[in-house]
Amino acid sequence: MEFNYLKFEKRGRIGILTLDRPKALNALNEGVFKELTCFLESEDVKSTRALVITGEGKAFIAGADIKAMQEYSPQAAYDFSETGKMVFDKIANLEVPVIAAINGFALGGGLELALACDIRVASEKARLGLPEVNLGLIPGFNGTQRLPRLVGAGNAMYLMMLGEGITATEAYQLGIVQKLTPPESTLDEAVALAEKIVTKGPNALRLIKEMVREGLELNSKEAGKMESKEFGRLFKEDHLEREEGINAFLEKRHPNWE
Ligand code: CAA
């Protein structure tokens with residue numbers, strides 16, 4: 001598939017998606033969202049066991065395209081926000097693990113995209129934040145919802161109200177970033193992490209995503225019930241992944257999930 005703003009490559013079982021609009025620090029516009037939608041529905045994604053998302057050049061993504069937004073009507077801005085959310089939900093709901101490799105600035109919509117990923121690995125030199133307030137705006141791609149669920153309302157308000165951005169180390173301390181790397185090895189470390197993850201039970205990985213994501217939308221009692229139901233289902237007689245995992249442990253060998 002040919003794209004203007006995206007690049008895709010496979011390293012073994014891991015797919016690497018690169019936002020490739022470096023002159024505008026990979027800013028998100030309607031064209032980028034169209035291409036992302038196509039990509040997320042493509043065979044390229046279906047053939048990966050994990051997806052790593054990164055940015056070309058000095059930014060991961062510096063946010064929504066401010067130049068494009070200058071002319072927006074209220075309806076166009078609403079549609080843009082809904083489109084961004086739809087795309088980011090597609091990322092969040094992919095069945096395979098998704099890791100953001102934050103190579104540089106992850107601001108506004110860029111941080112919101114990273115928050116839709118399952119895990120964030122960042123360069124020690126990266127800067128992250130939701131600076132929309134400096135433009136008289138609010139985050140429009142679910143940042144006001146995803147960030148407080150990750151770091152609590154107080155930390156999220158602090159970041160959004162100040163709009164200053166934080167270092168990758170501060171983001172790591174807050175739990176936004178799960179792993180810090182030297183700048184030159186961010187992508188490689190994200191891919192290595194993905195490779196480690198895909199050695200685990202594929203169905204269990206899918207279910208972990210589903211339980212965490214859906215559970216965040218439920219109260220803890222309902223979420224706990226959902227977990228027990230899925231845990232029970234794993235013990236159906238024909239559940240080969242569970243059988244192989246437990247047998248491999250007892251036989252002191254590595255499980256073979258293929
Ligand atoms: N939209 C469009 N273009 C952008 C952009 C953005 N979000 N961010 C950077 N660019 C462009 C710049 O305009 C510049 O283009 P020109 O060369 O044509 O002038 C080019 O990218 C390089 O940027 P800078 O010269 O500014 O690079 P810098 O290293 O000096 O600064 C930066 C980097 C601190 C990230 C700075 O570019 C910046 O502050 N960018 C805007 C960040 C921002 O406010 N993001 C939030 C956007 S709003 C949003 O995302 C809303 C939402 O949730 C829906």
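Residues are numbered from 1 along each chain as its sequence is written, and side-chain values use heavy atoms, with hydrogens and water left out. In this predicted model, local features need pLDDT of at least 70 and side-chain atom pairs count only at pLDDT 80 or more, while totals for chains, interfaces and linings use all residues.

**View 1. The whole protein.** The protein has 12 helices and 10 strands. These are DSSP runs, numbered from the N terminus: helices are H or I with at least four residues, strands are E with at least two. The radius of gyration is 19 Å, close to the 18 Å that the globule rule gives for 258 residues, so the protein is as compact as a globular protein of that length. The radius is taken over C-alpha atoms, and the rule is 2.2 Å times the number of residues to the power 0.38. Along the principal axes, the C-alpha atoms fill a box of roughly 60 × 40 × 35 Å. The accessible surface comes to about 13,900 Å², with 55% of it on carbon and sulfur atoms. Areas come from the Shrake-Rupley method with a 1.4 Å probe; for residues, only the protein chains shown count as cover.

View 2. A polar contact here is a pair of N or O atoms within 3.5 Å. A ligand oxygen is 2.6 Å from a side-chain N or O atom of Glu112. For the side chain of Glu132, the distance from a ligand oxygen to an N or O atom is 2.8 Å. A polar backbone atom of Gly140 is 3.1 Å from an oxygen of the ligand. Taken alone, the ligand exposes 990 Å², and the protein buries 64% of that.

**View 3. The shell around the ligand.** Of the 23 residues around the ligand, Lys58, Ala64, Gly109, Glu112 and Glu132 come nearest. By class, the shell has 13 nonpolar, 4 polar and 6 charged residues. Ala, Val, Leu, Ile, Met, Phe, Trp, Tyr, Cys and Pro count as nonpolar, Asp, Glu, Lys and Arg as charged, and the others, Gly among them, as polar. Helix 3 gives the most, with 3 residues.

**View 4. Ala156 in helix 7.** Ala156 sits in helix 7 (residues 153-162). Ala156 is buried, with a relative accessible area of 1%; buried means under 20%. Ala156 touches Leu147, Pro148 and Val151, not counting residues up to four places away in sequence. Contact means heavy atoms within 4.5 Å.

Notes. A residue is near a molecule or strand if one of its heavy atoms lies within 4 Å of it. A polar contact is a pair of N or O atoms within 3.5 Å; within protein, one must be able to donate a hydrogen and the other to accept it, and residues adjacent in sequence count only if both atoms are side-chain atoms. Buried means under 20% relative accessible area, exposed over 50%, partly exposed in between (1.4 Å probe, protein chains only).
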